[in-house]
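Visitor: I have a structure here that I would like to understand from its numbers. Could you walk me through it?
Guide: Gladly; let us look together.
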Amino acid sequence: MSHSGEYVIIGISKKAIGIDIEKKEYSRKILKISFRFFNKREHMALENEKNKKKQYDLFYFLWTQKEAITKGKGNSILLNSKTTEVALTRPPKYKSKKYSTHWTLEELAMGNNYSGIIAANQDIQSIKYIDF
């Protein structure tokens, strides 16, 4: 489960999954956050992006991948965010250097002001959106 802004999102599966959604807030100090939680490659990609909108979009793309994977593993992003190396470009992907566990990532269609990712340790068969 994840919530941000006006959305709550829930993932249901028989196997391990993680899900994250973030409302994009363009006033966040993303470089400070990325220095603390991202590895050097990810942090440098953010620093090198000079277009502010693209920089924020990249930050939320990276953050939601990391958060979804760590939730799927039953961990906290505080514990292993720098070692959870994720894709800098679309499509989202993850390959553990430490474990052979396969994780599939799908970007969620949330609109321009949100970023969302679902991570599963299996192939994702379908995603259903229900609006209440």
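Guide: This is a predicted model. From the N terminus on, the chain's elements run β-β-β-α-α-α-α-β-β-β, which comes to 4 helices and 6 strands.

Visitor: How do you know that the radius of gyration of the chain agrees with a compact globule?
Guide: A compact globule of 132 residues would have a radius near 14 Å, and the chain has 14 Å, so the two agree.

Visitor: Why is Asn 51 said to cap the N-terminal end of helix 3?
Guide: The cut-off for a polar contact is 3.5 Å between N or O atoms. A side-chain oxygen of Asn 51 lies 3.0 Å from the backbone nitrogen of Lys 53. After the helix comes Gly 74, with a positive phi near 80°.

Visitor: Which residues have the most contacts inside the largest nonpolar core?
Guide: That core has 21 residues, and those with the most contacts inside it include Phe 38, Trp 63 and Ala 119. Helix 3 gives the most to this core, with 9 residues. Apart from it lies another core of 9 residues, among them Ile 19 and Tyr 114.

Note on methods: Residues are numbered from 1 along each chain as its sequence is written. This is a predicted model: local features need pLDDT of at least 70, side-chain atom pairs count only at pLDDT 80 or more; totals for chains, interfaces and linings use all residues. Side-chain values use heavy atoms; hydrogens and water are left out. A nonpolar core is a set of buried Ala, Val, Leu, Ile, Met, Phe, Trp, Tyr and Cys residues joined through side-chain atoms within 4.5 Å. Buried means under 20% relative accessible area, exposed over 50%, partly exposed in between (1.4 Å probe, protein chains only). Helices (H or I, at least four residues) and strands (E, at least two) are DSSP runs, numbered from the N terminus. A polar contact is a pair of N or O atoms within 3.5 Å; within protein, one must be able to donate a hydrogen and the other to accept it, and residues adjacent in sequence count only if both atoms are side-chain atoms. The radius of gyration is taken over C-alpha atoms; the globule rule is 2.2 Å times the number of residues to the power 0.38.
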